[in-house]
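Have the picture open while you read.

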Amino acid sequence: MQIGIRLHDAAPGTMEERVKIAHDQGFTCVHLALSKTVKEHSVENSALTPGYASYLRKMFAKYEMDIAVLGCYLNLAHPDPEEIKKIQERYFAHLRFASILGCSVVGTETGAPNAEYRYEPACHSEEALETFIKNFTPVVRCAEKFGVIMAIEPVWSHIVYNSKQALKVLKAIDSPNLRIILDPVNLLSVENSENREQVIGEAIEDLGQYTDVLHMKDFVIEGDRVVSSAPGTGVMKYDRILEFARKEKPYIQMTIEDSKPDNAEWSRKFLEDYH
């Protein structure tokens with residue numbers, strides 16, 4: 001396993017300072033969300049030039065770090081057609097950038113049928129799924145042109161809320177460049193968390209062959225919410241997902257989420273030593 005971290009979860013600093021911290025904490029890769037990590041200059045579409053991509057590629061190589069995922073988590077089911085065009089353009093820019101950056105995967109979640117990107121019952125409707133597929137298809141076609149993998153991350157509160165919905169998207173778009181980021185905790189709700197072993201097992205069964213990256217975090221239930229935290233700090237059991245990673249996904253990149261600067265290294269070791 002190659003364990004990484006979301007770069008914006010590392011201690012604050014410049015991009016290079018954060019990369020050095022991640023390296024010094026024993027991580028080998030990062031999940032990079034440009035807008036959450038870069039504060040010193042623009043990361044608008046026009047700023048994502050080949051020159052900037054080449055600069056970052058060399059800087060990450062200096063610390064022997066890979067970019068496992070370039071994150072672009074926007075709402076592809078936004079109800080305003082003009083906003084959808086802008087959102088698609090943002091994905092196109094990230095895919096173009098990733099092809100020069102040497103980053104194989106651009107990652108996304110799957111949105112909600114409202115402008116606020118919040119959960120509502122309509123998120124789980126077939127109509128919302130059709131809207132997402134329609135708006136997402138041009139993004140995947142762009143990924144094909146640039147030779148980059150576009151990966152979706154199922155999340156219970158979003159449109160692609162379980163492994164069956166994810167399979168529908170994979171089948172409808174039918175592209176070798178469309179893959180899965182599997183985050184077991186994101187598939188959980190207050191209602192299904194008691195059956196988490198079954199939910200996670202089914203996701204591995206359905207999506208294992210399509211999974212290219214793992215996101216690892218923990219959780220506790222607080223009232224009517226699933227509250228996520230760094231691996232090893234909640235009630236999650238990792239036997240099934242780590243067995244899957246070790247047996248079926250040699251050297252897969254997995255990035256921990258919701259860590260803090262003071263528990264990130266501990267959390268990495270927790271996963272490495274987990275039995």
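Q: Which residues are exposed on the other side of helix 3?
A: Lys58 and Lys62 are exposed there. One thing to keep in mind is that this is a predicted model. To be called exposed, a residue needs over 50% relative accessible area.

Q: Which residues of helix 3 are buried?
A: They are Tyr52, Ala53, Leu56, Met59 and Phe60. The buried label takes under 20% relative accessible area.

Q: What makes us say that the buried residues line one face of helix 3?
A: Look down the helix axis: the buried residues fall within an arc of 130 degrees, so they line one face. The cover over them includes helix 1 (15-24), strand 2 (29-32), helix 2 (34-37), strand 3 (66-71) and helix 4 (81-101).

Q: How do you know that the length of helix 3 (residues 50-62) agrees with its number of residues?
A: Do the check yourself. At 1.5 Å a residue, its 13 residues should span 18 Å, and the end C-alpha atoms are 18 Å apart, so the two agree.

Q: What makes strand 1 (residues 2-6) and strand 10 (residues 253-256) a pair?
A: Pairing takes at least two bridges, and these strands, which run parallel, are joined by 4. One of the links is between Ile5 and its bridge partner Ile256 in strand 10. Both strands belong to a closed barrel of 8 strands, running 1-2-3-4-5-6-7-10 with parallel pairing. On average, neighbouring strands of this sheet are turned by 30 degrees against each other, direction ignored.

Q: How do you know that strand 8 (residues 218-222) and strand 9 (residues 225-229) pair?
A: Try the cut-off of at least two bridges again: here 5 bridges join the strands, which run antiparallel. In strand 9, Val226 is the bridge partner of Ile221. The hairpin has 2 residues between its strands, and Gly223 takes a positive phi near 65 degrees.

Terms used:
Residues numbered from 1 in each chain as written. Predicted model: local features only at pLDDT ≥ 70, side-chain atom pairs only at ≥ 80, totals over all residues. Heavy atoms only, no water. Axes fitted to C-alpha atoms, helices over the stretch in contact; angles between N-to-C directions. Expected span 1.5 Å × (residues − 1). Buried < 20%, exposed > 50% of the residue type's maximum accessible area, 1.4 Å probe, protein only. Arc of directions from axis to C-beta. Contact = heavy atoms within 4.5 Å.
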